[in-house]
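Hi everyone, thanks for making time.

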Amino acid sequence: YVPFPNVGEMTLIGEVELIGPPQFTVFPEFLYAEPGYEDGVVVTFAPDAVGPLEGLLILRTNDPAVPELQIPLSG
């Protein structure tokens with residue numbers, strides 16, 4: 001579980017995208033948190049062979065300070 005707290009004064013709304021091999025998945029593909037609360041996503045890694053894999057978790061929200069956040073993934 002990857003939490004995303006809303007420390008702002010307006011409702012946080014956003015989309016979540018995962019770029020990478022199908023061994024990485026994310027659920028759900030959206031964020032919604034009222035001020036003072038948090039939402040989050042579950043990132044799953046299910047390898048089917050030995051070896052490193054990389055992905056990128058991208059969050060696009062209505063946050064005016066950080067409208068896009070990219071989080072590198074490795075497994």
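This is a predicted model: local features need pLDDT of at least 70, side-chain atom pairs count only at pLDDT 80 or more; totals for chains, interfaces and linings use all residues.

Let's start inside. The largest nonpolar core has ten residues: F4, V16, L18, F24, V26, L31, V41, L57, L59 and L73. By nonpolar core I mean a set of buried Ala, Val, Leu, Ile, Met, Phe, Trp, Tyr and Cys residues joined through side-chain atoms within 4.5 Å.

Residues are numbered from 1 along each chain as its sequence is written, and side-chain values use heavy atoms, with hydrogens and water left out.

Skipping neighbours within four places in sequence, L73 is in contact with L18, F24, V43, L53, E54, G55, L56 and L57; contact here means heavy atoms within 4.5 Å. Now look at P72, in strand β7 (residues 68-74). Is P72 buried or exposed? P72 counts as exposed, because its relative accessibility is 65%. The cut-offs are under 20% relative accessible area for buried, over 50% for exposed, and partly exposed in between, using a 1.4 Å probe and protein chains only. P72 and G55 sit 17 residues apart in sequence, and their C-alpha atoms are 6.1 Å apart.

Next, the sheet. There's an open sheet of three strands in the order β1-β5-β3, with antiparallel pairing. β1 and β3 are at the edges with a single partner strand each, so one side of each has no neighbour in the sheet. Two strands count as paired if DSSP finds at least two bridges between them. β1 and strand β5 (residues 38-45) pair in the antiparallel sense over four bridges, and P3 stands opposite G40 in β5.

On to the loops. N6 lies in the one between β1 (2-5) and β2. N6 counts as buried because its relative accessibility is 7%. Not counting residues up to four places away in sequence, N6 touches T11, L12, A33, E34, P35, G36, Y37 and E38. P28 is in another loop, between β3 (24-27) and β4 (30-33). Most peptide bonds are trans. The one from F27 to P28 is cis, with omega near -10°.

Last topic: charges. How many salt bridges does a search of the whole structure find? Two, where a salt bridge is a side-chain nitrogen of Lys or Arg within 4 Å of a carboxyl oxygen of Asp or Glu. E17 forms one with R60, with the closest N and O atoms 2.7 Å apart. That pair links distant parts of the chain, E17 in strand β2 and R60 in strand β6, 43 residues apart. The side chains of E68 and R60 also meet in a salt bridge, at 3.1 Å from N to O. E17, R60 and E68 are therefore linked in a network. E17 is partly exposed at 32% relative accessibility, R60 is partly exposed at 34%, and E68 is partly exposed at 37%.

Methods
Helices (H or I, at least four residues) and strands (E, at least two) are DSSP runs, numbered from the N terminus.
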